[in-house]
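Good morning, and thank you for coming. Please look at the structure on the screen while I describe a few of its parts.

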Amino acid sequence: MATRARGTGATAEVSTPPRAPRSAPSTLQALLDLRPPALRASYGEHRSQRAELYLPDGQGPHPVVVALHGGFWRARRSLRYMRPVCADLARNGWAAWNVEHRRVGRGEGGGWPATFADVAAAIDHLATMDAPLDLTRVAALGHSAGGHLALWAAARPGLPARAPGAAPAVPVSAGVVALAAPSDLEATPDLYTPGGAVFDLMSCTPAEAPDDRYALGNPIRRLPLGVPLLLLHGDADDTVPPRRSRDFARAARAAGDQVTLIEPAGAGHRTIVDPRGPAWGEVVSWLAGLPAGSPAPSPAAG
């Protein structure tokens, strides 16, 4: 599967397949990986305030990837479908923190600000875990709506004191992987008008917002994020248009962020989150290339 890779320089066509993980899982292994891990924790009292921890072999401390699932921020999707990629991250040396949070619908109580506050609380809960984690190397990875939340999580150090998620105890300092992310909440009127998924998340349109929630919750409004970014978006995605990642990459670079944009040819919305596939190999390779050591400086609050 060819890809179009757009890094910090000129666009380049890649004629060879994307790099695969060191050992891509078989279909049987991916099915077995749907089982929950042994380590699970609650970070709050609501039934959805929970997460699962996957640990690599070895004593650690291990760098961490916070995994955030998609589903248009709605309750019909859960963390279950992220388990295979979390298990594969652990096989490749990363602790994976698979986060559930309050979502919209089914009495969950999600939306603004609860969903955002839950993501922040789940990440900060890592500081309380009795596990060999390197909290100076924390990355966020999200698919679809989870990609929006992963980008937002990296913006937390720049949030004003009154905002949900401000003053993180555990900042996302290593980088962000946004897979098919709706990275601009204000880009598609059909989504932010009544009945749309963004409207359900934010409870209003941008024009009718009673406060600055869109300025606080929309990642493209929080640039620069101050960490390396991988935007991976299949060019055949008919759920979230690939131009969302292209536009975000352009804006993030203009703000000074380091951005890699990869568009696997022929890949759809779910293809890129399958650990058996070559697109996922790009994620593992990019994470392996992140520098060790001190976290990147965070953007100033404002």
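This is a predicted model: local features need pLDDT of at least 70, side-chain atom pairs count only at pLDDT 80 or more; totals for chains, interfaces and linings use all residues.

In which helix does Arg253 lie? Arg253 lies in helix 8, residues 243-255. Helices here are DSSP runs of H or I with at least four residues, strands are runs of E with at least two, and both are numbered from the N terminus.

Residues are numbered from 1 along each chain as its sequence is written, and side-chain values use heavy atoms, with hydrogens and water left out.

Arg253 has a relative accessible area of 27%, so it is partly exposed. Buried means under 20% relative accessible area, exposed means over 50%, and partly exposed is in between, with a 1.4 Å probe and protein chains only. The C-alpha atoms of Arg253 and Pro224 are separated by 8.4 Å, although these residues are 29 apart along the chain.

Let us turn to helix 2. Of its nine residues, eight are buried, among them Arg83, Pro84 and Asp88. The cover over these buried residues includes helix 1 (27-32), strand 4 (50-54), strand 5 (62-68), strand 6 and helix 9.

How do helix 2 and helix 9 cross? The axes of helix 2 (residues 83-91) and helix 9 (residues 278-288) come within 11 Å and cross at roughly 40°. Axes are lines fitted to C-alpha atoms, for helices over the stretch in contact, and angles run from 0 to 180 degrees between N-to-C directions. The two helices, helix 2 and helix 9, are therefore oblique to each other; angles under 35 degrees count as roughly parallel, over 145 as roughly antiparallel, 65 to 115 as roughly perpendicular, and the rest as oblique. Val85, Asp88 and Leu89 of helix 2 make the contact with Trp280, Val284 and Leu287 of helix 9, where contact means heavy atoms within 4.5 Å.

What follows helix 2? Asn92 is placed in the loop between helix 2 and strand 6 (95-99). With a relative accessible area of 11%, Asn92 is buried, and its side chain reaches the backbone oxygen of Asp88 at 2.9 Å. Just after helix 2, Gly93 takes a positive phi of about 95°.

Gly93 is also one of the residues in contact with His62, leaving aside neighbours of His62 within four places in sequence. His62 lies in strand 5 and is buried, with a relative accessible area of 6%.

Notes: A polar contact is a pair of N or O atoms within 3.5 Å; within protein, one must be able to donate a hydrogen and the other to accept it, and residues adjacent in sequence count only if both atoms are side-chain atoms.
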